[in-house]
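Dear colleague,

I am handing over the structure we spoke about, and I would be grateful if you could look through it with the notes that follow at hand.

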Amino acid sequence: MKLLASDGLSARPARIWTREKLRYLQKYAEAFMKAMAPKRSQGKWEHLDYIDLLSGPGLSIVRETKEEFDGSPLIALKIKPAFDHLYFADLNPENIAALRRRVPAQDADRVTFSAGDCNIVVDEVVKRISSRTLGLAFIDPEGFEVDFETLAKLAKKRIDLLYLFASGIGVRRNLKNALSVANSRLDKWWGGKDWRDLPAARWAAGKFSEEPAEKVLQSFVSAFRKKVASAGFQFQDEEVLPFTNTKNAQMYHLLYFSHDRAGLTIWNNIKKIAPGGQRTLL
């Protein structure tokens, strides 16, 4: 059943961790622009851009409470100082149509909308990003729809990357079945078949049972981080953020990558403040 917001347009269903990941995105985007906007005026950067290849319709709704809130594209659109240009893409044309209607007319000129597969759209986006552009990409898949090659293409540009890794909801639920498929969707997501040799894969196949499941999955996350970093990112978050459901089961990890140590410093400072505003001990 299609979910509609109060404006009659499509909305994305939300869960407990949805607000949390979006608050981290908002805080980082605000800090990113506050730090980089002066350098733009000083001539270091020609453009500061935002990339969202799985943008959705722009609004999310908590099914249980019917609470509506901005999704990642509308959050990015409202960041001050403002991004010079924003790239919004989604596989579902209806989502892009809804998002287009939700973008204020005064902001339309600085947004590029694309309806299509993120693994194809990325080519046009990176083509338009010059060597004097600094970007922030938020990649928020539900599972394995983003090919590793797409992340590798983003890594060739000066782009900071926030990536939601489907560790529990994706890997844990699908690993065993994927092992039995010669050309699994996970192969494109991982960028090869070597994931099949990892401890998590052996654990899923029943050949590795000494370590707790969470620790085994954590090793899978670590291996993926190293693989993404090898594509060209110089800096990454070593203590990634986990997100759990109401039963405290691990669902996602939020990964961070950058070409600049300053970006990693900003991200580490953001992580010290929990989504609700309370400072943590990280």
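**Aromatic pairs and the rest of the chain**

W190 is buried, with a relative accessible area of 2%. Its partner in an aromatic pair is W189, which at 1% relative accessibility counts as buried too. Please keep in mind throughout that this is a predicted model.

To put these residues in context, the secondary structure of the chain comes to ten helices and eleven strands, and the C-alpha atoms fill a box of roughly 55 × 45 × 40 Å along the principal axes. The radius of gyration is 19 Å, which agrees with the value near 19 Å that a compact globule of 282 residues would have. Of those 282 residues, 54% count as buried, and among the contacts with a separation of 6 or more, 72% are between residues 24 or more positions apart. The accessible surface comes to about 13400 Å², and carbon and sulfur atoms make up 50% of that area.

A search of the whole structure finds 21 aromatic pairs. One of them is formed by Y28 and W267, whose ring centres are 5.8 Å apart and whose planes stand at 75°, so that the pair is edge-to-face, the angle being over 60 degrees. This pair links distant parts of the chain, since Y28 belongs to helix α1 (residues 16–41) and W267 to helix α10 (residues 261–271), 239 residues apart. Y28 is buried, with a relative accessible area of 0%, and the value for W267, also buried, is 0%. The pair of W189 and W190, by contrast, is tilted, with 5.8 Å centre to centre and 55° between the planes. Y28 and W267 also belong to a cluster linked by ring pairs, whose members include Y24, F32, Y50 and F243.

Two lysines lie over aromatic faces: K21 over that of Y252, at 5.9 Å from the ring centre, and K227 over that of F148, at 5.3 Å from the ring centre.

D140 lies in the loop between β7 (133–139) and α5 (148–155), and it counts as buried because its relative accessibility is 9%, where the cut-off is under 20%. Leaving aside residues up to four places away in sequence, D140 touches R12, K21, L54 and L164.

Technical notes
Residues are numbered from 1 along each chain as its sequence is written. This is a predicted model: local features need pLDDT of at least 70, side-chain atom pairs count only at pLDDT 80 or more; totals for chains, interfaces and linings use all residues. Side-chain values use heavy atoms; hydrogens and water are left out. Helices (H or I, at least four residues) and strands (E, at least two) are DSSP runs, numbered from the N terminus. Buried means under 20% relative accessible area, exposed over 50%, partly exposed in between (1.4 Å probe, protein chains only). Contact means heavy atoms within 4.5 Å. Rings of Phe, Tyr and Trp (its six-membered ring) pair if their centres lie within 6.5 Å; planes under 30 degrees apart count as stacked, over 60 as edge-to-face and the rest as tilted. A charge sits over a ring if NZ of Lys or CZ of Arg is within 6 Å of the ring centre and within 35 degrees of the ring normal. The radius of gyration is taken over C-alpha atoms; the globule rule is 2.2 Å times the number of residues to the power 0.38. Accessible areas come from the Shrake-Rupley method with a 1.4 Å probe; for residues, only the protein chains shown count as cover.
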